[in-house]
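Please walk through the fold below with attention to individual residues before turning to the whole chain.

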Amino acid sequence: MILGRAFLPDATLGAPRYLSLLSPGGWSLYGLAAVVLLVVFPLLHLTVPADSALHISDYWVTLLGKIMCYAIVALAMDLIWGYTGILSLGHGLFFALGGYAMGMYLMRSIGHDGVYQSDLPDFMVFLDWKKYPWYWSFTDHFGYAVALVVLAPGLLAFLFGFFAFRSRIRGVYFSIITQALTYAFMLLFFRNDTGFGGNNGFTDFKRIVGFPLANPRTRVALFALSATWLLTALIGCRMLVRSKFGRVLTAIRDAEDRVRFCGYDPVGFKLFVWTLSAAICGIAGALYVPQVGIINPSEMSPANSVEIAIWVAVGGRGTLLGPVLGAALSNGAKSWLAVAAPELWLYALGLLFIVVTRWLPDGVLGLLRREQK
């Protein structure tokens, strides 16, 4: 009966029907979000005078773009945790790898505009590097960098997941191993001799595909790309989880052993969704870096990966829309508290997690669903 319930229609998967993006109302919501993010916001930033109350400043464009990148990561996390039952505490690694892949291209795009006016990035000149390491090859080509954004986190996730899932590692043991993996990579990237900028990472970017990053139109284009990828990923993930494939994923979440006894091999399903989730995170990291202007090993911190799980829990896991909402609320509050009371943010985050765990097990979206009943 557990397996049978897992194959019921979408309403049983934790996502209320009125929020389904594949319903007529959902498509209307999607269209409205697309108009606001892709038309209204850019016009208010580019055409409205800075002294107008309707003007959206550079700060808000950058902040909202960054939050959308975080929302994409939360969405990817929900795909594996909310629908497949795999709790990862290392998704910050995939996000950072995508960011570093784009950062390598941006560093090479600086050209001779750096402090040392060299063919090499400033940090390599400072550390007395004579040439690029082999893994920097072809990173001056945008197309190669984009491919690396997807392949670097995707290939790592595939190799890790192949051995972990075949060994039937799951539950808290899997979570601990993913946290250890991201911690090991963070220590590796902190080293100056790895060719990734050490503690400072990559920064001081100048341009992307020939367009100055300081130009408002470039900033708006990156904002629009982030919004487009968020909306596309949201629709794609919704289609996936409502398909027969997605129903197998939820069956694996609810009773993996019974799925295996029914003739399905959970390894292939878990490996695919795990790799897909990592690739989604990598693209989010690539969009994040040119908007924020820096990428360093702190993005791989295990605490960041734990925070991603909190976003999903706050919004409501197993809903897709919930994690997007949770990431927006959590990071919006973080940005406000960072200015109003920076020393209180970690306490607020801990309190938020306790409140959600104790009183809102289905997250904010679950609360809204109960309110409408």
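Phenylalanine 126 is exposed, with a relative accessible area of 63%, where exposed means over 50%, buried under 20% and partly exposed in between, computed with a 1.4 Å probe and protein chains only. Phenylalanine 126 lies in helix H5 (residues 122-126), helices being DSSP runs of H or I with at least four residues and strands being E runs of at least two, numbered from the N terminus. From C-alpha to C-alpha, phenylalanine 126 is 45 Å from glycine 171, and 45 residues separate the two in sequence.

This is a predicted model, in which local features need pLDDT of at least 70 and side-chain atom pairs count only at pLDDT 80 or more, while totals for chains, interfaces and linings use all residues. Residues are numbered from 1 along each chain as its sequence is written, and side-chain values use heavy atoms, with hydrogens and water left out.

Arginine 168, in the loop between helix H6 (142-166) and helix H7 (172-190), has a positive phi of about 60°, and its relative accessibility of 55% is why it counts as exposed. Leucine 320, in the loop between helix H11 (302-315) and helix H12 (321-340), has a positive phi of about 70°, but leucine 320 is buried, with a relative accessible area of 0%.

The interior can be followed through its nonpolar core, a set of buried Ala, Val, Leu, Ile, Met, Phe, Trp, Tyr and Cys residues joined through side-chain atoms within 4.5 Å. The largest such core has 97 residues, of which Phe202, Trp274 and Met300 touch the most other members. Helix H3 (residues 58-81) supplies the largest share of this core, 14 residues. Leaving aside residues up to four places away in sequence, phenylalanine 202 is in contact (heavy atoms within 4.5 Å) with residues including Tyr100, Met104, Phe123, Trp136, Phe196 and Ile294.

For the protein as a whole, the secondary structure comes to 14 helices and four strands, and 49% of the 373 residues count as buried. Among contacts with a separation of 6 or more, 76% join residues 24 or more positions apart. The radius of gyration, taken over C-alpha atoms, is compared with a globule rule of 2.2 Å times the number of residues to the power 0.38; for 373 residues a compact globule would have a value near 21 Å, and the protein agrees because it has 21 Å. Along the principal axes, the C-alpha atoms fill a box of roughly 70 × 55 × 40 Å.
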